[in-house]
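Subject: Structure handover

Hello,

Here is the structure I promised to pass on. Please open it first, then read the notes below.

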Amino acid sequence: MDRAASGALVTGIEREMQESLLETGAFAGVEDIYEKVLAGERLNREDGMRLYETDNLLALGFMANLVRERINGSNAYFVKNYYLNYSNICELDCKFCSFYRKEGEDGAFLMSLDQIFETVRADKENITEMHMVGGLHNGLPYDYYLNLLRGIKKIDPRIHIKAFTAVEIDFFARLYGLSIEKVLLDLKEAGLDAMPGGGAEIFSERVRAKMFADKIGADQWIHVIKTAHKVGIPSNATMLYGHMERVDERVDHLIRLREVQDETKGFFAFIPLAYHPHMEDSTQWATGIDNLKSIAVSRLMLDNFPHIKAYWISMGPKVAQISLGFGADDLDGTVRDERVFRMAGASTETALTKKQLVKLIKDAGRIPIERDALYHTLESFA
Ligand code: SF4
């Protein structure tokens, strides 16, 4: 085991050095939280709010990095993945979403199963994981989704399929008159391996009422995710930040996720998603500092999550790289063809190669690990 991968293996001398840092004043304003982190104590709501509000960014990063190294050593993961959005036709119209279109509207699309299979066939050597999400399309038969999963597994059973947010699962259950559990079991049987963490946005009824009033709320999102974990479908979890949410709402979101994880242990990774506003002159967007803080605070608050992912499509590869020293241990992957953030105006690259990801990670002083969807090591670049 990597020595730094276990807090228990931190030597007495290192511990003394860590404790002596308190006397330098480096943790001004958050000394008591640093002491808790050193002792491995769980942080509370007030701690989370103070961490978001502190200007002592380096102290915050140092603390998050301590926890990151306890859990994941110096490893930084990536995966060869393909983001496929099968359709953007959606019956909802969430205010923050630039991705959705109504049927027949300019820019609306729906991929046929043949088109999807052709895409997978053409690139299967470069795909370990398929990530698939779409709008809530009320004109598709249930078989479209089941055959989508079966078809990909038939092309290459090695490909791990991570698909459908809790919002989509809830939609399928309502549209086809089935229980959440039945939908999940059917999809699992057809080839669904895991679920992405999207759709949670932020667990605040105040924000939901203003930005995505018709979308399922926190309780139903959690119900779907808990059911998925119960039937053996693991998932990620996300939080959309940098819009109208308050700091206390961010912390409440993290604490609710932490409670679910205590119960199910079904989450792999937490992924903070930086909001991309529609308006070019909007002042509501997540800055680089906010991105780093969100990574660090989530690493510190989500003590039971194995991984914190810096999604480079949302925050840009350079900030994502720096975040590997602020608590993140995963850069997502090669991605390719992602449209949700692109249509929201993200100006980051559309894909990164394996070589580029390895370089980003090595230059951050970390060990690049190509993983599969379950975080098994496929190749280490130590
Ligand atoms: S966020 Fe999802 S549910 Fe909401 S409008 Fe966009 S695609 Fe539809």
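A charge sits over a ring if NZ of Lys or CZ of Arg is within 6 Å of the ring centre and within 35 degrees of the ring normal. Arginine 256 meets this with phenylalanine 203, lying over the ring face at 5.9 Å from the ring centre. Lysine 215 has its charged end over the ring of phenylalanine 212, 6.0 Å from the centre.

Some ground rules. This is a predicted model, where local features need pLDDT of at least 70, side-chain atom pairs count only at pLDDT 80 or more, and totals for chains, interfaces and linings use all residues. Residues are numbered from 1 along each chain as its sequence is written, and side-chain values use heavy atoms, with hydrogens and water left out.

Domains

The protein chain splits into domain 1 (3–72) and domain 2 (75–380); the bounds come from an automatic or database domain assignment. Their centres, taken over C-alpha atoms, are 29 Å apart. Domain 1 gives 23 residues to the contact and domain 2 gives 34 residues (contact means heavy atoms within 4.5 Å).

Alanine 64 is in helix α4 (residues 57–72). Helices (H or I, at least four residues) and strands (E, at least two) are DSSP runs, numbered from the N terminus. Alanine 64 has a relative accessible area of 0% and is buried. Buried means under 20% relative accessible area, exposed over 50%, partly exposed in between (1.4 Å probe, protein chains only). Leaving out residues up to four places away in sequence, alanine 64 touches Ala296, Arg299, Leu300, Phe326 and Gly327.

Aromatic pairs

The whole structure holds 22 aromatic pairs. Rings of Phe, Tyr and Trp (its six-membered ring) pair if their centres lie within 6.5 Å; planes under 30 degrees apart count as stacked, over 60 as edge-to-face and the rest as tilted.

- Tyrosine 86 and tyrosine 145 pair edge-to-face, at 5.8 Å centre to centre and 75° between the planes. Tyrosine 86 is in the loop between β2 (81–85) and α5 (113–123) and tyrosine 145 is in helix α6 (residues 142–155), so the pair ties together parts 59 residues apart in sequence. Both tyrosine 86 and tyrosine 145 are buried.
- Phenylalanine 172 and tyrosine 176 form a tilted pair, at 6.3 Å and 35°. They are 4 residues apart in helix α7 (residues 166–176), about one helical turn. Phenylalanine 172 is buried at 1% relative accessibility.

Ligand

Which residues are around the ligand? They are Cys90, Leu92, Cys94, Phe96, Cys97, Phe99, Tyr100, Gly135 and Lys215, counted if a heavy atom lies within 4 Å. The shell has 7 nonpolar, 1 polar and 1 charged residues. Here Ala, Val, Leu, Ile, Met, Phe, Trp, Tyr, Cys and Pro count as nonpolar, Asp, Glu, Lys and Arg as charged, and the others, Gly among them, as polar.

Leucine 257

Leucine 257 is in helix α11 (residues 247–264). Its relative accessibility is 0%, so leucine 257 counts as buried. Beyond four places in sequence, the residues that leucine 257 touches include Phe203, Trp221, Thr238 and Phe305.

Backbone

Most residues other than glycine have a negative phi. Phenylalanine 164 has a positive phi of about 70°. Phenylalanine 164 is in the loop between β4 (160–163) and α7, and is buried at 0% relative accessibility. Lysine 265 has a positive phi of about 55°. Lysine 265 is in the loop between α11 and β6 (267–274), and is exposed at 64%.

Best wishes
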